[in-house]
Amino acid sequence: MTRYWILLLTICHVSALEINLKDSIAKSTDTVITSKDVTVGAAPKASMTTREWKVEPATAYELTMEVRMDGPNNLENKPPMEYYFKNKVSKSPRLPQWRLNFKLQDGKTVSQHGIYRRILNPDNQWHTITDRFYTPRNTATLQLSINGGDEDRLTIRRIKLEKLPVSEVISINSDFALGEYNYSGIMTLVRGCLDKNEEGQAILAMPTGWYMSYGIPVNGGESLRLSIDVDVPRKSTAGVWFYAQGKNIGKSTPIMIWKGKPGRASYDLKVPANADEVRLVAGSGNFKMIKLERIKGEPSK
């Protein structure tokens, strides 16, 4: 049943922070805390929140934690839970979920949460959850919150926060290699889900839907390359939206691929001088890759 869980992609990590759970919990409800692990009760109001950890702004991080769920809503007992998870069925049993709370230098808090940070239970055994993300600009600290589910008790151990190494590829989980249940980097997804194709490769399947990524920090004036690999049902598109201080200031020329044409394409672009963030947008296709990377020199025409 391990194929039903999020898989870790092996890379080199730096700046690892091993979290001492007993000393890191700031507040909790219906939660048992020991020196080795934390157990969040089987109730929607059960919760735990860690203390704040110092992080660097506009930086890529990876959060991992080992979790075990005890309860009836696992894939061995209820195979439909996979369908509920992927298709966001509103009347399905509530699953435990986590939230990232970023405290900015001006004191405001910005959160990343929602349906894609739910915890799916394959078999009531220990598994590792991985979340990759960028801290917003002007971030001072990060705090982790976890809420319980309707019927499943969640136990957590070995939380680790690591800064990812600097890379020319700046998009998160570009080839979806973290697995079909790992929505790292995805902010909005309409009429789509992560799935596997006939070759067993994880894909972002949205034949009639679209997605938008979380913000990716950039420098004004730098050159980028957007590359996609997609199975095209009719017409597939992908592009880059530019942001300055949280406001949309423009869009790149989109990549458009029609049915019957090769599914691989790329497009070079230049970031506007006043932009500090970009978001990826794509739709209408089964995407094997949506990658954004830095390139040297001026964009090719």
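Trainee: Why is Glu293 called buried?

Mentor: Glu293 has a relative accessible area of 17%, and buried means under 20%, exposed over 50%, partly exposed in between (1.4 Å probe, protein chains only), so Glu293 is buried. The model is predicted: local features need pLDDT of at least 70, side-chain atom pairs count only at pLDDT 80 or more, and totals for chains, interfaces and linings use all residues. Side-chain values use heavy atoms, without hydrogens and water, and residues are numbered from 1 along each chain as its sequence is written.

Trainee: What makes Lys291 partly exposed?

Mentor: Lys291 has 22% relative accessibility, which lies in between the two cut-offs, so Lys291 counts as partly exposed.

Trainee: How do you know that Lys291 and Glu293 meet in a salt bridge?

Mentor: A salt bridge is a side-chain nitrogen of Lys or Arg within 4 Å of a carboxyl oxygen of Asp or Glu. For Lys291 and Glu293 the N to O value is 3.9 Å, so the pair meets the definition. Elsewhere, salt bridges that share partners join Glu82, Lys86, Glu180, Asp195 and Lys196 into one network.

Trainee: What makes Lys103 and Glu52 a salt bridge, and which parts does the pair tie together?

Mentor: Their N to O value is 3.8 Å, so the pair is within 4 Å. Lys103 lies in strand S8 (residues 97-104) and Glu52 in the loop between strands S5 (47-50) and S6 (53-54), so the bridge ties together parts 51 residues apart in sequence. Strands here are DSSP runs (E, at least two residues), as helices are (H or I, at least four), numbered from the N terminus.
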